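Here's a quick look at pockets, a helix and some rings. Keep the viewer open and follow along.

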Amino acid sequence: MRRRGGVQGLVVASLFSLFCGTARADGLADLTAALARLQGQMPIKAQVESKTWRREGEGKAAEEDSGQALVAVEGGPAGLQVLYGKDLLAKVDTEQRAKAKDPNVKTPIGFALGEMKATELRSMVSAADALSREIEEAVFSGEKMDNYKGKPARLLSFTLSLDKVPEKDRKYVKKFEGGIEVWIAADGTPLASHFHFDVSGRAFVVVSFTQKTDETRQYGVSGDHLLLLRKESRNTTSGAGEKVDSKIVKTLQLQS
């Protein structure tokens, strides 16, 4: 009896393992289905804030500046509308007037506002399309069980190819590594993602360069919208004796 029970136990364990393996293997399909249903057609209102930091150079010679900007966004069947507040526009105008008098004057608010392009704002209030394009351009490399904010989640991994580098620049690239990780809920809804790449090479024989990008994203859902609640991007580039570090944080807050 113990032997038969042991055999039955092995069969059950094997079936359980097979079932779990099948469920994990469907993670990409679940993510694709979730992105398809979260296309963001319903009206939505939100505020998007951009905080930027940038440093050029190294040591005592380094120059830093930072800025902050807030805009209101409304999305719906008619498209995307962006409202720039009166105070914000006044500050931008002040910066531009100062810049006209002295080209060396920094424009931190203008810098932060420059990160509020239409494509960026759209991806904040309707993030499904942008994430879909990214994973379509990548190669699915695996799935495993993981945790996100202390709760069970499935982690999907994708590998980026050299195609992310403009074709005219690929001949200069000596090293390229990149990937995307996406944490999804049981129904495939994205919870968070991590985008990163590291590229280096040499141009014109003597000029070496490197670029590193690391971006973390946190998602949420409102109606049929996949929202990008927070995106933090860090970027480092160096070449020809110059080095630039930057950090950009965008956050979204729903409005009634």
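How many nonpolar, polar and charged residues does the lining of the second largest pocket have, by class? The lining has 8 nonpolar, 3 polar and 2 charged residues. A word on the source: this is a predicted model, where local features need pLDDT of at least 70 and side-chain atom pairs count only at pLDDT 80 or more, while totals for chains, interfaces and linings use all residues. Residues are numbered from 1 along each chain as its sequence is written, and side-chain values use heavy atoms, with hydrogens and water left out.

| Pocket | Volume | Lining by class |
|---|---|---|
| Largest pocket | About 690 Å³ | 8 nonpolar, 8 polar, 14 charged residues |
| Second largest pocket | About 220 Å³ | 8 nonpolar, 3 polar, 2 charged residues |

A pocket here is an open set of points on a 1 Å grid where a 1.4 Å probe fits, with protein on both sides within 12 Å along at least five of seven lines; lining residues have an atom within 4 Å of a point. For the classes, Asp, Glu, Lys and Arg count as charged, Ala, Val, Leu, Ile, Met, Phe, Trp, Tyr, Cys and Pro as nonpolar, and the others as polar.

Of the 30 residues lining the largest pocket, Glu120, Glu134, Glu215, Arg217 and Lys231 are the closest to its centre. For the second largest pocket, with 13 lining residues, those closest to the centre are Val165, Asp169, Val199, Phe209 and Gln211.

Asp169 sits in the loop between β5 and β6 (helices, H or I, of at least four residues and strands, E, of at least two are DSSP runs). Its relative accessibility is 26%, so Asp169 counts as partly exposed (buried is under 20%, exposed over 50%, partly exposed in between, with a 1.4 Å probe and protein chains only).

Now for helix α6 (residues 128–136): its buried residues are Ala128, Leu131, Ser132, Glu134 and Ile135. They share one side of α6 because they cover an arc of only 165° around the axis, taken from the directions from the helix axis to the C-beta atoms.

Last, the rings: Phe176, Phe195 and Phe197 are linked into a cluster by ring pairs (centres within 6.5 Å; planes under 30 degrees apart are stacked, over 60 edge-to-face, the rest tilted). Phe195 is buried at 9% relative accessible area, and Phe197 counts as buried at 18%.

How values were computed:
Phe/Tyr/Trp six-rings, centres within 6.5 Å; stacked < 30°, edge-to-face > 60°. Points joined across faces, edges and corners; volume = space filled by probe spheres on them.
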